[in-house]
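Q: Hi! Could you walk me through this one? I'd like to start with the charged pairs and then move on to the strands.

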Amino acid sequence: MFKISPINDVNLQKEYASQCDTTLKDGYFAYAMIDVDTNELMGFSQFDIEASGAYISDLKPRVGLSDFEAMFILGRATMNFIDLCGKHTCIALKNSGDERLLKAIGFKKTDDDNWFADMTGMFDGHCGGHTVETTK
C-alpha cells in the first residue's frame, strides 16, 4: 500500500528528485508516492500550473523500482490535481516519463515530441469518453 502526498519542503523535493534520476524544478509542485510499510519513496512527479497551461516535467519511479500500476495512479493523481485547479489540458514534456505510462494515463504524442492530454470530463465520474490505451 502507498500514499501520495504533496511535497512542501524544497530539500525533500530535491532528495526525491535525485532518487528518481531527475533534478529539482524550482517553483514546481511535486507529489511523492511513499510505501506506507517501509516509508520509502516509490515514485515522484513534478509539475507546473501557469496561466498559459499545465506542464508535467517528471513522472518517474525511484531508480530500480518498477510498479506500473502504482505509477499509473500517481500520474492520474497529478492530472486530477491539475484539473481541479481549473486547467483541463496538460502537456507532459518529452522525457517526462515512460512512454507506455504516458499513453495509459491519457496523453497523446505531439509533433514536437511532447505529450498532450485533454482532461475535460476525465475526473467527473463519467470518464468523459476517456479510455486507457493499453498498447505496448
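**Charged pairs and strands**

A: Happy to! Glu99 has a relative accessibility of 39%, so it counts as partly exposed. Keep in mind that this is a predicted model.

Q: Which side chain does Lys103 meet in a salt bridge?

A: That would be Glu99, with an N to O distance of 3.5 Å. Both residues sit in helix H3 (residues 99-104), four residues apart, which is about one turn of the helix. Lys103 is partly exposed, at 23% relative accessible area.

Q: And what about Lys109, which side chain does it meet?

A: Glu99 again: the side chains of Glu99 and Lys109 form a salt bridge at 3.9 Å, N to O. Glu99 lies in helix H3 and Lys109 in strand E6 (residues 108-109), so this pair ties together parts that are 10 residues apart in sequence. Through shared partners, the salt bridges join Glu99, Lys103 and Lys109 into one network. Lys109 is partly exposed, with a relative accessible area of 45%.

Q: How many salt bridges does the structure hold?

A: Four. One of them pairs Lys25 with Asp58, where the closest N and O atoms are 3.0 Å apart. That pair links distant parts of the chain, 33 residues apart: Lys25 is in the loop between helix H1 (10-19) and strand E2 (29-35), while Asp58 is in strand E4 (residues 53-61).

Q: Is Asp58 buried or exposed?

A: Asp58 is buried, with a relative accessible area of 2%. Its partner Lys25 is partly exposed, at 23%.

Q: Nice. Switching to strands: along E5, which side chains point to which face?

A: They alternate along E5 (residues 89-92).

Q: How do E4 and E5 run, parallel or antiparallel?

A: E4 and E5 run parallel, joined by three bridges. Within that pairing, Tyr55 has Ile91 of E5 as its bridge partner. E4 and E5 also belong to a right-handed β-α-β unit, together with helix H2 (residues 68-84).

Q: And how many bridges join E5 to E7?

A: Four, and those two strands run antiparallel. E7 covers residues 115-118, and its Asp118 is the bridge partner of Thr89.

Note on methods
Residues numbered from 1 in each chain as written. Predicted model: local features only at pLDDT ≥ 70, side-chain atom pairs only at ≥ 80, totals over all residues. Heavy atoms only, no water. Buried < 20%, exposed > 50% of the residue type's maximum accessible area, 1.4 Å probe, protein only. Pairing = 2+ DSSP bridges. Right-handed = clockwise from strand over helix to strand, strands pointing away.
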